[in-house]
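Okay, thanks for coming, everyone. I'd like to walk you through one model today, from the whole chain down to a few single residues. Let me put it on the screen.

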Amino acid sequence: MDNQYFLALDYGTQSTRALVFDPKGNLIAKAQLANANCREEQQGTAAASQSGDYCVAQLTAVVQKLLAESSVRPGQIAALSLTCQRACLVLMDESGHARSDVFMWSDRRLAAEPLMPLPWYQRLGFGLLGLGKRIHYLRRCAKTNWLDRHKVAEAPKIGLLSGLLLSRLTDKLGDGVAYQVGYLPFDYRRRRFANAGNWRWRALNCRPQQMLPLAEATAVHGGLSAGFASLTGLPTGLPVVLAGADKACEAYAAGAGDPGLACVSLGSAATVTLGLERYTEAYRYAPAFPSLDSKQFLSEVQLERGFWLLSWLIREFGAEDCQDAKALGLSPEEYILRRIDAVTPGADGLLLSPTWAQGVIFPGPEARGAIVGWRPEHGRFHLYRAAIEGVLLTLARGLKRLRKVSGTVPSLIRVTGGGSQSDVVLQMAADIFNLPVERLSVSEASGLGAAMCAAVAMGQYESLAEARLGMAKSAQRFEPDPRRVACYRVVAWQHARLYPRLKPLFQTM
């Protein structure tokens, strides 16, 4: 090999990316393809499912594009690693091929009533704990309950998108611990599937023998299959290394677990995360997820509809802004973020609660979004700013919650995801969190985290901590503006009271 590069494949919500990193974490080459995360007939519905073959074909096509458009040669790649969107479920056969569509995290279909009843003693126990309604909602969210029970029962394997892609890349059935986020009977505290007698198996309508074998990040899952190699030009047997789900890779690359550091991801889903050695739930019964580091947990608060909300507002209300942006040679997001910088912090009294999507624990099964405070003087740019502020204010309260349950006091925020590329957004984050905010020098944080796993597996670094030290670099830093901090302190007080006041109304809808 002339050089030792690491290829990270990132199957995200909006796009699939092939990313080549060198051992110092520099992004050498990149190819990107837009994803259709749901079939055309599902647009505008609660459904969001896609063919498993389509997902695999996206990986093939993006690697072909990378090798065709860059100077990287297949022989320069030492290993391949995978990261992908989490909580996407698929039924599989013993060879790792899909027996159903992949049901994406954004699929909002719920299981029809009635569900198969849990044993009386479990119903009684959950009722005494005040969890009866939440467990019922969890079961309705699980696609193993929404799908035809015979199809689920007859499926040899049930897994996540990561398991499907890894199995197809290598012709070896399996998945990684750090990908396990979703409605499966996974014991997050012990980093393994639940014991056979656990209530989760009956609640989620599946069996222990249907689960895929798991291994920790940095393990070599297998060699690249001859079929995938022949389609892409990559060498047969190229080591395929386990990494983790997109948020796990992002958080670790951004420094999760470093003293005084909190990680914020501003992607389609938005999260605030602390990396902790002790298993710590942000809210009781809301699990802390596996980190890439086998001795670390990611305690997080998530808004399922994060910066997706800005894209949705642009699509629904921003036709004129899209035209103006095109005339200036800008993306709609770039144009809008420039314009909202002139809007007063607090959007002149317009408040937006970004709880568009329900949750089992947070924000709760009753959740709905809300926009409050409209006046005749408000326009679209007030709405756009209120949306971004609403996401950041909610995450800032999430960080307060994480501080309380963990005893950790962050002194720095590191931001990843699409929103991190905007100076306007990062300054807003610094002012709202009242903490310094940094971005990584490489915008592809999830791919960088996956590449770190490959670098460790190939012996470039002895540990993930050493790989992060050598590969992740901070770029620009944003300091809080005292005047805006004071303004947002008032806005935060108002915003914190918005959802609790509306919750009783939502519960009746």
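Let's start with charge: the protein carries 57 positive and 45 negative side chains, and the centres of the two sets are 8 Å apart. In that count Lys and Arg are positive, Asp and Glu are negative, and His and the chain ends are not counted. Each charge is placed at NZ of Lys, CZ of Arg, CG of Asp or CD of Glu.

A quick word on what you're looking at. This is a predicted model, where local features need pLDDT of at least 70, side-chain atom pairs count only at pLDDT 80 or more, and totals for chains, interfaces and linings use all residues. Residues are numbered from 1 along each chain as its sequence is written, and side-chain values use heavy atoms, with hydrogens and water left out.

Now the overall build. We have 18 helices and 23 strands; these are DSSP runs numbered from the N terminus, H or I of at least four residues for helices and E of at least two for strands. The radius of gyration is 22 Å, close to the 23 Å from the globule rule for 509 residues, so the protein is as compact as a globular protein of that length. That radius is taken over C-alpha atoms, and the rule is 2.2 Å times the number of residues to the power 0.38. Along the principal axes, the C-alpha trace spans about 65 × 60 × 45 Å.

How much of the protein is buried? Of the 509 residues, 59%, where buried means under 20% relative accessible area, exposed means over 50%, and partly exposed is in between, with a 1.4 Å probe and protein chains only. The accessible surface is about 20900 Å², and 52% of that belongs to carbon and sulfur atoms. Those areas come from the Shrake-Rupley method with a 1.4 Å probe, and for residues only the protein chains shown count as cover. As for contacts (heavy atoms within 4.5 Å), take those between residues at least 6 apart in sequence: 71% of them join residues at least 24 apart.

On to the strands. Strand E1, residues 5-11, has seven of its seven residues buried. Who are the neighbours of E1? It runs parallel to strand E5, residues 77-84, with seven bridges between them, and Phe6 sits opposite Ala79 there. Strand E2, residues 15-21, is antiparallel to E1 over six bridges, with Thr16 as the bridge partner of Tyr11. A three-residue hairpin connects E1 and E2. When I say two strands pair, I mean DSSP finds at least two bridges between them.

Strand E6, residues 89-92, is also covered on both faces: Leu89 and Leu91 on one, Val90 and Met92 on the other, all buried. E6 pairs with strand E8, residues 157-160, antiparallel over four bridges. Leu91 has Ile158 as its bridge partner, and Leu89 is opposite Leu160. In E8, Lys157 and Gly159 point one way, Ile158 and Leu160 the other, and all are buried.

There's also an open seven-stranded sheet with mixed pairing, in the order E17-E18-E16-E15-E21-E22-E23. Its edge strands are E17 (289-290) and E23 (474-478), each pairing on one side only.

Last, some backbone details. Most residues other than glycine have a negative phi, and most peptide bonds are trans. So where do we find cis bonds? One runs from Glu113 to Pro114, with omega near -5°, and Pro114 is in the loop between strand E7 (102-103) and H2. Another runs from Phe362 to Pro363, with omega near 0°.

Then there's positive phi. Asn205 has about 60° without being a glycine; it's in the loop between H7 and strand E12 (214-215). Asn434 has phi near 55° and lies in the loop between helix H14 (423-433) and strand E22 (437-440). Asn434 is partly exposed at 40% relative accessibility, and Asn205 is partly exposed too, at 23%.
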